[in-house]
Amino acid sequence: MLSRRSSLAAAASLLASPVGVLLPQAAWAGGQLEEPLADSVRTALSAAVVGQAPPELEFPSTEARLRYLRWLVACSERLAKRKPDAQVRREFLQTVWYESRRAGLEVSMVLGLIQVESGFRKYAISSVGARGYMQIMPFWMRLLGDGDAGKLFHMQTNLRFGCVILRHYLDREKGDAYMALGRYNGSRGQPQYPNAVFGAQRNWMVEERGAVQVAQG
């Protein structure tokens, strides 16, 4: 029988291996609660399961595009240690921008939520089974898809679900971000989670003014 120290060493070795990179990693323990959905929310989430195309950004002006590029460069530099590959980093941030704006959310809040929920780990799984960057509970796939929770590891699907769900909770809480974040985490009314997200949000506050148009799909 292995000692506790030997077991921990073996686990660390596995996680360091190429196979270990693909293993799910633990994340924040909270999760959304199953509840009735508005038709608009159901439609948006169902479309996320079907549509796997990468986001397309359309800018109304050159200045708006330049503002986006400045944001992208600033956030890419801050994210480099967590996502060393520049192309992966760019695609991730572009999708976060797209899905946040599409849902009418502050991009910095969404990035703060991702930092707290998963530490920017694509394959993170919490102790209650929430998955991916924004820690989406598998029941959403049972409600709106084919039940394949593995699809919640797809980047755009996960970010679309997370942003639409957070928008849904903000609407339910009449714009109260503190209460909406608590609902997102399944800890409504408790301060630890929303305060953690607000703290992490400050790491991602870059100028976000200026319109960007997104293709609805």
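This is a predicted model: local features need pLDDT of at least 70, side-chain atom pairs count only at pLDDT 80 or more; totals for chains, interfaces and linings use all residues.
Arg 160 is buried, and Glu 99 is buried as well, where buried means under 20% relative accessible area, exposed over 50%, and partly exposed in between, with a 1.4 Å probe and protein chains only. These two residues form a salt bridge, the closest N and O atoms being 2.6 Å apart; by salt bridge I mean a side-chain nitrogen of Lys or Arg within 4 Å of a carboxyl oxygen of Asp or Glu. Arg 160 lies in helix H7, residues 155–172, and Glu 99 in helix H4, so the pair ties together parts that are 61 residues apart in sequence; helices here are DSSP runs of H or I, at least four residues, numbered from the N terminus.

Residues are numbered from 1 along each chain as its sequence is written, and side-chain values use heavy atoms, with hydrogens and water left out.

The structure holds six salt bridges, and those that share partners join Glu 63, Arg 67 and Arg 70 into one network. Glu 63 and Arg 67 both lie in helix H3, four residues apart, which is about one turn of the helix. As for accessibility, Glu 63 is partly exposed, with a relative accessible area of 38%, and Arg 70 is partly exposed at 43%, whereas Arg 67, at 18%, counts as buried.

Technical notes. Helices (H or I, at least four residues) and strands (E, at least two) are DSSP runs, numbered from the N terminus.
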